[in-house]
Amino acid sequence: TGVRMIQDHPWFGVGPERVGPTFMEYLPPDVPKELPQAYYAHLHNTFVHYAAERGLPIVLALLWLFGKVFWDMGRALRRLPPGPSDERFLLHGTIAATIALLIVGMSNVSMGDSEVLGAWLAVVAVGYRATMQLPDEGRSSF
């Protein structure tokens, strides 16, 4: 269903909060119109849902954001001196939280929940704050 939405609306999607109301219109023809009692307001995959709701450019921007976090945290880790440190812990934690959000996003629209998104953004902010403890060449150009 999500793929059919994306095919029909690749640039801008079906619109914010429109996946649920338009879900039945995009069911494949071989699926019976009488569906079991379930929740059909989102597509149970962050990336498919965002592409269907907001368009493919938004998914590309989201993937760029994840890539930027990985790049910046990895770059900062390489600049740290060997051995344990608070900065290393925070940078690894940011990478781990981002990986977790990517994995969970494959079966749930976790970034659609403000508490999940807010927690991840707080972790990322702490990771970027840790990069500021490094010499200037370790800081992000974000």
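Tyrosine 40 counts as partly exposed, because its relative accessibility is 26%; the class lies between buried (under 20% relative accessible area) and exposed (over 50%), with a 1.4 Å probe and protein chains only. Phenylalanine 23, at 9% relative accessibility, counts as buried. The model is predicted: local features need pLDDT of at least 70, side-chain atom pairs count only at pLDDT 80 or more, and totals for chains, interfaces and linings use all residues. Residues are numbered from 1 along each chain as its sequence is written, and side-chain values use heavy atoms, leaving out hydrogens and water.

**Aromatic pairs**

- Searching the whole structure gives two aromatic pairs. Rings of Phe, Tyr and Trp (its six-membered ring) pair if their centres lie within 6.5 Å; planes under 30 degrees apart are stacked, over 60 edge-to-face, and the rest tilted.
- Phenylalanine 23 and tyrosine 40 form a tilted pair, with 5.1 Å centre to centre and 35° between the planes.
- This pair links distant parts of the chain, 17 residues apart: phenylalanine 23 and tyrosine 40 are both in the loop between α2 (19–22) and α3 (46–54).

**Overall fold**

- The protein has six helices and zero strands. Helices (H or I, at least four residues) and strands (E, at least two) are DSSP runs, numbered from the N terminus.
- The C-alpha trace spans about 60 × 30 × 20 Å along its principal axes.
- The radius of gyration is 19 Å, whereas a compact globule of 142 residues would have one near 14 Å. That radius is taken over C-alpha atoms, and the globule rule is 2.2 Å times the number of residues to the power 0.38.
- Buried residues make up 36% of the 142 residues.
- Of the contacts (heavy atoms within 4.5 Å) between residues at least 6 apart in sequence, 64% join residues at least 24 apart.

**Helix α4**

- The 24 residues of α4 should span 34 Å at 1.5 Å a residue, and its end C-alpha atoms are 35 Å apart, which agrees. The expected span is 1.5 Å times one less than the number of residues.
- Val59, Leu62, Phe66, Lys68, Val69, Asp72, Met73, Gly74, Ala76 and Leu77 are the buried residues of α4.
- These buried residues pack against α3, α5 and α6.

**Helix α5**

- Helix α5 (residues 86–104) has 19 residues and should span 27 Å; its end C-alpha atoms are 27 Å apart, in agreement.
- Buried residues in α5 are Arg88, Leu91, Thr94, Ile95, Thr98 and Leu101. They lie on the same side of α5, because they cover an arc of only 165° around the axis. The arc is that of the directions from the helix axis to the C-beta atoms.
- An α-helix has 3.6 residues a turn, so residues three or four places apart point the same way.
- Cover for the buried residues of α5 includes α4 (56–79) and α6 (114–131).
- Asp86, Phe89 and Ile103 are exposed on the face of α5 turned away from its buried side.

**Alanine 97**

- Alanine 97 sits in helix α5. At 21% relative accessibility, alanine 97 counts as partly exposed.
- Not counting residues up to four places away in sequence, alanine 97 touches Trp120 and Val123.
- Alanine 97 and glutamate 25 are 72 residues apart along the chain, and their C-alpha atoms are separated by 36 Å.
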